[in-house]
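Work through the exercises below with the sequence and the structure at hand. Each task is followed by a worked solution.

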Amino acid sequence: MTGLVASLIDSSQLAYCSVCWNLILFNRTTFCGPERNSVKWNDVMSDEKGVDAVDRALSLLDCFDGQSETLGLAELSKRTGFYKSTILRLAVSLEKFGYIRRQADGRFRLGATVWRLGSLYRRGFNLGDIVRPELKILADEIGETASFYVREGETRVCLFRSEPMRAIRHNVNEGAQFPLTAGASARVLMAWSSDCLNTGDEPAIRQAGYAVSQGERDPEVAAVAVPVFWNDGDIAGAVSVSGLITRFDGALIEKCVQALKEAVRRLDIDGALVR
């Protein structure tokens, strides 16, 4: 799936590389005193490790996990293990390119560039106009939240979702990341991944064609998921229906399985999943 993501965001890679290059130049030219003279190019760039300055800058962005809209300098230092002076130096470059913003109270928040690249990332899949209607059909028919997940490295990302018109429902934000170790969508994505080791119930999931989770990631949430494939046979993502575990009895699970498979069949008939 990682290769899929890489191939779909080529349009934004040049801009991203430009940001990375400026981060390197910034960190090479803003050292002062003896530290500046002691830094060598090989200390900044390594074939094996990548670019240290970019790694540190991206580590700051990773601190924004959706739990808090803003983070203070002390919290960033605690989460990254970086000195506050290092964070401030990196923040200058990140703010220059719009990745973060520093508020009047000194706290940091994500900037508009993150939203722009996120929009490009989602647009690059060219699936939103196709998948969203199916998610709405599922949410209306089942009365539970319908979502579309893709694999991103060792995590799964909620790319699209549709929520039902009911007061108590499972809320999932588009763009939210979850581990691949729990949840019906995670099980599906792993079962059909090329690097699947078949050390668990992956063969049974592939035989059944779907996965069910009850209280795995969240003790109050249950979910059912099925795979969605590209026209060449590789997995494109997972479509799931999730809601309160108390509502997911055997009858509802079976209804979800049938509705999900019908949604995937409609996508296949339309020939939408071509890359």
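**Exercise 1.** How do the residues of the lining of the largest cavity divide into nonpolar, polar and charged?

Solution. The model is a predicted one.
Step 1: Find the cavity. The structure holds two cavities of 30 Å³ or more, and the largest has a volume of about 150 Å³.
Step 2: Identify the lining. It is made up of 17 residues, of which Arg156, His170, Arg217, Val221 and Ala223 are the closest to the centre of the cavity.
Step 3: Sort the lining residues by type. Six are nonpolar, seven are polar and four are charged.

**Exercise 2.** State which element supplies the largest share of the lining of the largest cavity.

Solution.
Step 1: List the elements that each supply at least two lining residues. These are α10 (184–191), β10 (221–229) and β11 (235–244).
Step 2: Pick out the largest share. Strand β10 gives three residues to the lining, and this is the largest share.

**Exercise 3.** Describe how helix α5 and helix α7 are arranged, and name the residues that meet.

Solution.
Step 1: Take the axes. Those of α5 (residues 52–62) and α7 (residues 84–96) come within 10 Å, crossing at roughly 85 degrees.
Step 2: Classify the angle. Angles of 65 to 115 degrees count as roughly perpendicular, so α5 is roughly perpendicular to α7.
Step 3: Name the contacts. From α5, Ala53, Arg56, Ala57, Leu60 and Leu61 meet Thr86, Ile87, Leu90 and Leu94 of α7.
Step 4: Sort the residues of this contact. Seven are nonpolar, one is polar and one is charged.

Notes
Residues numbered from 1 in each chain as written. Predicted model: local features only at pLDDT ≥ 70, side-chain atom pairs only at ≥ 80, totals over all residues. Heavy atoms only, no water. Axes fitted to C-alpha atoms, helices over the stretch in contact; angles between N-to-C directions. Helix = DSSP H or I, 4+ residues; strand = E, 2+ residues; numbered from the N terminus. Parallel < 35°, antiparallel > 145°, perpendicular 65-115°, else oblique. Contact = heavy atoms within 4.5 Å. Nonpolar A, V, L, I, M, F, W, Y, C, P; charged D, E, K, R; others polar. 1 Å grid on protein atoms, 1.4 Å probe; cavity = no way out; pocket = protein on both sides within 12 Å on 5 of 7 lines; lining within 4 Å. Points joined across faces, edges and corners; volume = space filled by probe spheres on them.
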